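Reader: I have not seen this one before. Can you walk me through it?

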Amino acid sequence: MGSGSDDAIDGTALAQKGIVVITINYRVGVLGFMAHPELTQESPNHTSGNYGLLDQIAALKWVQRNIGQFGGDKTNVTISGLSAGAISTHLLSASPKAKGLFHKIIAQSGSVFAMKGHASLENSEAAGIRYTNSLGATTIDQLRKLSPEKLMVKPYKAWPVVDGWLLPDSVASTYEQGRQIDVPMLIGGTLDEAATIPYDVVKLDSLEFWVKSVFGVYAQEYLKLYPAKTDAEAWNNFVAVKNESIHWATRKWAHQQNSSGTQPIYLYSFSKAPPGEFSAQHGAYHMGDLVYAFNNLDKVDRPWKEEDRGLADLMSSAWVNFAKKGNPNGDGLPLWPAYSSKDDVIMVFDAIIQAKVDERNTALHRLFDKEFELNKGYLKL
C-alpha cells in the first residue's frame, strides 16, 4: 500500500517553507524484488532482484540531471521514507551505487534491522524458482506472458538481496566496517508502532510457537519477561515486542552510525495520539506522524485541534531545516541535540515537545541485541 501520489505526502506545505519536494514510485513485490537464475544470467551485472531499489536510484539520477530546472540543488538532496520507505533509505545508505546521489537521510518508522534481514542471491533465486513454479510456469519467458493480475495472484515475500553488486554486503556489516554513505540522518518512529495489529494474529495457543520461531535459543528468556495466561495477554505481549523491535532497530542504526560514521544523527519519538476514534483505540500508531511532518493535517479527516496544528507546523519546520542544512534546529524550535549513544537523548514530539533521555525496555533490548548477533545483523520479527 502507499504511493507517491498519496495525499499525506503532498509536498505543497513543505515547498512553501522553501524546499523542492519530489515523490516517486517504484516496483514492489514480485515485480520489484524477485530474483531468478534466468534473470541473473540476463543481467550484465550477474544479479537479479533489488529492482525496486534500482528504481529509486534511477529516480535519484533523474533528480541529479533535472532538479535545477525546478529550482532545486543537486548537491543538497535528502532522501526520505516511512516504513518500507525508511528501510529503503537504510539499504541505499549501504549501496555504493547510490553514493553521491543524496546527502541526507530522513527515515520514519523503519530499519533493515527489524525486517528479517537480507537474503543471499542463491537463496533469493531459489525462492524465485519456487514462486515461478507455483504459478504453473517453468521459465521467465512464460512469466512475462502472464498479465500483472495473474502474476500477482499469489503474494511474494520480497526481501532485499545481498547480490555483491548493488548490496555488496549486509547493512550491519557495511556500517560495522564504516563503509556506509556517511551523511546526516534524522530517524525515529511512533510510540505505538504495532498497535493496529489485528487481535487474532497471535493467541495463547500459538504464542509459544511464535516465540520459539523468533527467539530460538532465547525463547525461554523472552517468556520470563513476557508471561501470558490469556489470549489478551498473548496479543498485548506480541504487540509490545513488535513496538520495541522498531524502537530498538532505530537505536541500533543510530549506535552504528555513532560508532563508525562522522556525521550527526538526530533521533525522535512521536508520542502524540492524533484526535479521533481511531487514535483512541491505537494511540500514536504507525504512520501517524506522517501528516504532521508534511504539515498536511487538512488532507486527513480528523477533529484536529490547535495543538495539533502547532505541532505540525513545528515538526515540518524541523524537517525542512534538516533538508536544507542537515540540522533540524532553528529559530523558535526547541533545541534538538544530535544523538549520542552515551546519553541516549532523543526529541519527543507530543503535547509537550522536548528533548529527553529515551525511555525503553532495557531487558528486551538486550534480548534483541543477542538475537541480532546470533542472526548476523537482523531480527526474525
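**Helices, sheet and cores**

Author: A place to start is helix H5, whose buried residues pack against H4, S1, S2, helix H9 (171–176) and H12. Keep in mind that this is a predicted model.

Reader: How many of H5's residues are buried?

Author: H5 is mostly covered, with 8 of its 9 residues buried. They are Gly85, Ala86, Ile87, Ser88, Thr89, His90, Leu91 and Leu92.

Reader: Take histidine 90. Why does it count as buried?

Author: Its relative accessibility is 0%, so histidine 90 counts as buried; the cut-off is under 20%.

Reader: And what is histidine 90 in contact with?

Author: Setting aside neighbours within four places in sequence, histidine 90 is in contact with Ser111, Val112, Phe113, Val171, Tyr175 and Trp253.

Reader: Back to H4. What does its buried part pack against?

Author: The buried residues of H4 pack against helix H2 (29–33), helix H3 (37–42), strand S1 (78–82) and helix H5 (84–92). Those buried residues are Tyr51, Gly52, Leu53, Asp55, Gln56, Ile57, Ala59, Leu60 and Val63.

Reader: How many residues does H4 have, and what does it reach from end to end?

Author: H4 covers residues 51–66, which is 16 residues, and reaches 22 Å from its first C-alpha to its last. That is close to the 22 Å expected at 1.5 Å a residue.

Reader: Where is the confidence lowest, and where is it highest?

Author: Confidence in the chain is highest in H4, at a mean of 98, and lowest in helix H13 (residues 277–282), at 85. The mean pLDDT of the chain is 92, and 100% of its residues reach 70 or more.

Reader: Now the sheet. What order do the strands come in?

Author: The order is S1-S2-S5-S6-S7-S8, 6 strands in an open sheet with mixed pairing. S1 and strand S8 (354–357) stand at the edges with a single partner strand each, so one side of each has no neighbour in the sheet. From one strand to the next, the twist averages 25°.

Reader: Which helix packs on the sheet?

Author: Helix H15 (residues 306–325) does, touching S1, S2, S5, S6 and S7. The direction of H15 makes about 150° with that of S2.

Reader: Is S6 largely enclosed or left open?

Author: Strand S6 (residues 265–270) is largely enclosed by the rest of the structure, because 6 of its 6 residues are buried. Ile265, Leu267 and Ser269 point one way, while Tyr266, Tyr268 and Phe270 point the other way.

Reader: How many bridges join S5 to S6?

Author: There are 6 bridges between strand S5 (residues 185–190) and S6, and the two run parallel. Glycine 188 stands opposite tyrosine 268 in S6. On to the next pair: S6 and strand S7 (residues 345–349) are also joined in the parallel sense, over 3 bridges, and tyrosine 268 stands opposite methionine 347 in S7.

Reader: What about S2 and S5?

Author: Strand S2 (residues 104–108) is joined to S5 by 4 bridges, and they run parallel. The bridge partner of glutamine 108 in S5 is glycine 188.

Reader: Which residues touch the most other members of the largest nonpolar core?

Author: Phe102, Trp210, Phe215 and Tyr222 do, in a core of 61 residues. Helix H12 (residues 231–260) gives the largest share of this core, 9 residues. Apart from it lies another core of 30 residues, including Leu82, Leu314, Met315 and Trp319.

Reader: What does phenylalanine 102 touch?

Author: Leaving out residues up to four places away in sequence, phenylalanine 102 touches Leu60, Val77, Ile79, Leu92, Ser93, Ile181 and Val183.

Reader: Last one: where is methionine 152?

Author: Methionine 152 is in the loop between helix H8 (148–151) and strand S4 (161–162). Methionine 152 counts as partly exposed because its relative accessibility is 46%. Beyond its neighbours within four places in sequence, methionine 152 is in contact with Val30, Leu31 and Tyr131.

Note on methods:
Residues numbered from 1 in each chain as written. Predicted model: local features only at pLDDT ≥ 70, side-chain atom pairs only at ≥ 80, totals over all residues. Heavy atoms only, no water. Expected span 1.5 Å × (residues − 1). Buried < 20%, exposed > 50% of the residue type's maximum accessible area, 1.4 Å probe, protein only. Contact = heavy atoms within 4.5 Å. Core = buried A, V, L, I, M, F, W, Y, C linked by side-chain atoms within 4.5 Å. Pairing = 2+ DSSP bridges. pLDDT = per-residue confidence, 0-100. Axes fitted to C-alpha atoms, helices over the stretch in contact; angles between N-to-C directions.
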